[in-house]
Amino acid sequence: MKTCKLIAALPLALALSGCLEVEQHPAWIRGEYAGKEDPRHFQTLFHNDKLSWHAAITNRANQQNEYNRANP
């Protein structure tokens with residue numbers, strides 16, 4: 001009896017699972033994105049200074065490099 005209920009409920013569950021899909025793509029109006037533009041990291045954290053942002057990223061990458069850290 002339990003297997004009959006499970007078999008009967010399975011198509012219903014599969015049919016309803018497809019109904020809950022939401023739209024995941026942004027809205028486009030006249031070929032352009034209709035939302036706000038996201039600021040870049042160097043614009044918010046480094047006051048629009050690309051050179052200092054690049055230096056900070058390079059310094060971080062060098063600090064995480066095991067070859068530079070292990071060899072004295």
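The protein is a predicted model with a mean pLDDT of 82, and 92% of its residues reach 70 or more. Here pLDDT is the predictor's confidence in each residue, on a scale from 0 to 100. Among the elements, helix H1 (residues 2-17) has the lowest mean pLDDT, 75, while helix H3 (residues 50-63) has the highest, 94. Where pLDDT is low, the predicted coordinates should not be read in detail.

Because this is a predicted model, local features need pLDDT of at least 70 and side-chain atom pairs count only at pLDDT 80 or more, whereas totals for chains, interfaces and linings use all residues. Residues are numbered from 1 along each chain as its sequence is written, and side-chain values use heavy atoms, with hydrogens and water left out.

The protein contains four helices and two strands. Read from the N terminus, the order of the elements is α-β-β-α-α-α. Helices (H or I, at least four residues) and strands (E, at least two) are DSSP runs, numbered from the N terminus.

As for overall dimensions, the radius of gyration of the protein is 26 Å, while a compact globule of 72 residues would have one near 11 Å. The radius of gyration is taken over C-alpha atoms, and the globule rule is 2.2 Å times the number of residues to the power 0.38. The C-alpha trace spans about 70 × 50 × 15 Å along its principal axes.

Of the 72 residues, 1% are buried. Buried means under 20% relative accessible area, exposed means over 50%, and partly exposed lies in between (1.4 Å probe, protein chains only). The accessible surface of the protein is about 7400 Å², and carbon and sulfur atoms account for 60% of that surface. These areas come from the Shrake-Rupley method with a 1.4 Å probe; for residues, only the protein chains shown count as cover.

Several C-alpha pairs show how far apart parts of the chain lie.

| C-alpha pair | Separation along the chain | Distance |
|---|---|---|
| Lys50 and Ala9 | 41 residues | 58 Å |
| Ala15 and Thr44 | 29 residues | 46 Å |
| His47 and Glu23 | 24 residues | 35 Å |

Lys50 belongs to helix H3 and is exposed, with a relative accessible area of 53%. Ala15 sits in helix H1; Ala15 is partly exposed, at a relative accessible area of 48%.

His47 is part of the loop between helix H2 (41-44) and H3. The phi of His47 is near 55°, a positive value in a residue other than glycine. His47 is also exposed, with a relative accessible area of 71%. Asn48 lies in the loop between H2 and H3 as well. Asn48 is not a glycine, yet has a positive phi of about 65°. The relative accessible area of Asn48 is 51%, so Asn48 is exposed.

Turning to charge, the structure holds one salt bridge, a term for a side-chain nitrogen of Lys or Arg within 4 Å of a carboxyl oxygen of Asp or Glu. The salt bridge joins the side chains of Asp38 and Lys36, at 3.7 Å from N to O. Both Asp38 and Lys36 are exposed. Side chains of opposite charge can pair when their charged atoms come close.

Over the whole protein there are 8 positive and 7 negative charges, and their mean positions are 10 Å apart. Lys and Arg count as positive and Asp and Glu as negative, with His and the chain ends not counted. Each charge is placed at NZ of Lys, CZ of Arg, CG of Asp or CD of Glu.
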